Amino acid sequence: MLKRTLIMALKEVSSNKCFEGFQKVFEHDSVELKCKMKFGIYLPPKAETEKCPVLFWLSGLTCTEQNFITKSGFHQAAAEHGLVVVAPDTSPRGCNIKGEDESWDFGTGAGFYVDATEDPWKTNYRMYSYIKDELPNLISANFPVDSEKMSISGHSMGGHGALILSLKNPGKYKSVSAFAPICNPIQCAWGKKAFSGYLGSNVKDWEAYDATHLAKSYQGSPLDILIDQGKSDQFLTEGQLLPDNFIAACTERKIPVVFRLQPGYDHSYYFIASFIGDHIRHHAKYLNA
């Protein structure tokens, strides 16, 4: 199944049969991040005989490549719709940067899908370019995917990543969705901490990675955005997510958004597992068109 010419670039960490496909984890040396990185990849049964569309999933704060592939229950829907699903780690690891392991919302496990410009982070913390270019190129070179058919989704910090990647790269992704995304990071505590550390003190520099700001100036190809948000999410009430700001910006620019506020649901993977089937179908509608 893998192309022999590039298989040495990847080390298979695990492989488990699941809904007649295979959930695998690989490790590789990242050029962008200058460290070893892991990613999960689900190969549906359809991938045995033909190239498949690919959905990239970006996880949230503190997560690794394991959270989504072990907790979300996405496999059955991905198998049914013939989607390859790639779930990378959320940050570089083991870079020996002073302070990288001191807090849960900055540094290790909290790459925020930006390309850092500040020392000492700028050498390794280039998650935006890793997700945008290096990882898709690695996947298309080694697995049976149709690189012309990509979509992106994510949760919390990863929802922020999915939104900004789609807004900054019109036409690159066929569809986008998010669970409880950080929609306006320049206005919330998580975003202010991460952006000041990675990008410096000039708030204007932060706007390039803020979905609400990007939506206000979006002029690309049409997007059909699906967002699910738990109504009982503690981070919604604490003002970390700010979906209303993003929806207002999209409404102003006439960007279609389906925003579903789900009563009783929180920020956890129980919430994601409850609605992941809808999101897989949302992406399949565009990826299999």
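1. Tyrosine 130 lies in helix α3, which spans residues 127-142. The model is a predicted one. Buried or exposed: which is tyrosine 130? Its relative accessible area is 0%, and buried means under 20%, so tyrosine 130 counts as buried.

2. The surroundings of tyrosine 130 can be listed. Leaving aside neighbours within four places in sequence, tyrosine 130 is in contact with His28, Ser30, Glu32, Leu33, Met37, Pro88, Leu135 and Pro136. Serine 91 is 39 residues away from tyrosine 130 along the chain, and the C-alpha atoms of these two residues are separated by 9.8 Å.

3. The sheet comes next. It is open and has nine strands, in the order β1-β2-β3-β5-β4-β6-β7-β8-β9, with mixed pairing. At its edges are β1 (11-18) and β9 (257-262), each of which pairs on one side only. From one strand to the next, the twist averages 20 degrees.

4. One pair of strands can be followed in detail. Strands of a sheet pair through backbone hydrogen bonds, in a parallel or an antiparallel manner. Between β6 (residues 145-155) and β7 (residues 176-179) the sense is parallel, and the pairing runs over four bridges. Which residue of β7 is the bridge partner of isoleucine 152? The partner is valine 176.

5. Helix α9 (residues 243-253) touches β8 (225-230) and β9, and the direction of α9 makes about 155 degrees with that of β9. Helix α10 (residues 269-287) touches β4 (52-58), β6, β7, β8 and β9. The direction of α10 makes about 175 degrees with that of β7.

6. Which residues of α9 are buried? They are Pro243, Phe246, Ala249 and Cys250. These residues cover an arc of only 125 degrees around the axis, so they lie on the same side of α9. An α-helix has 3.6 residues a turn, so residues three or four places apart point the same way. On the other side of α9, the exposed residues are Asp244, Thr251 and Glu252.

7. The buried residues of α9 also pack against several elements: the helices α4 (157-168), α7 (211-216) and α8 (234-237), and the strands β8 and β9. Just after α9 comes lysine 254, whose phi is positive, at about 60 degrees.

How values were computed: Residues are numbered from 1 along each chain as its sequence is written. This is a predicted model: local features need pLDDT of at least 70, side-chain atom pairs count only at pLDDT 80 or more; totals for chains, interfaces and linings use all residues. Side-chain values use heavy atoms; hydrogens and water are left out. Two strands pair if DSSP finds at least two bridges between them. Helices (H or I, at least four residues) and strands (E, at least two) are DSSP runs, numbered from the N terminus. Axes are lines fitted to C-alpha atoms, for helices over the stretch in contact, and angles run from 0 to 180 degrees between N-to-C directions. Contact means heavy atoms within 4.5 Å. Buried means under 20% relative accessible area, exposed over 50%, partly exposed in between (1.4 Å probe, protein chains only). The arc is that of the directions from the helix axis to the C-beta atoms.
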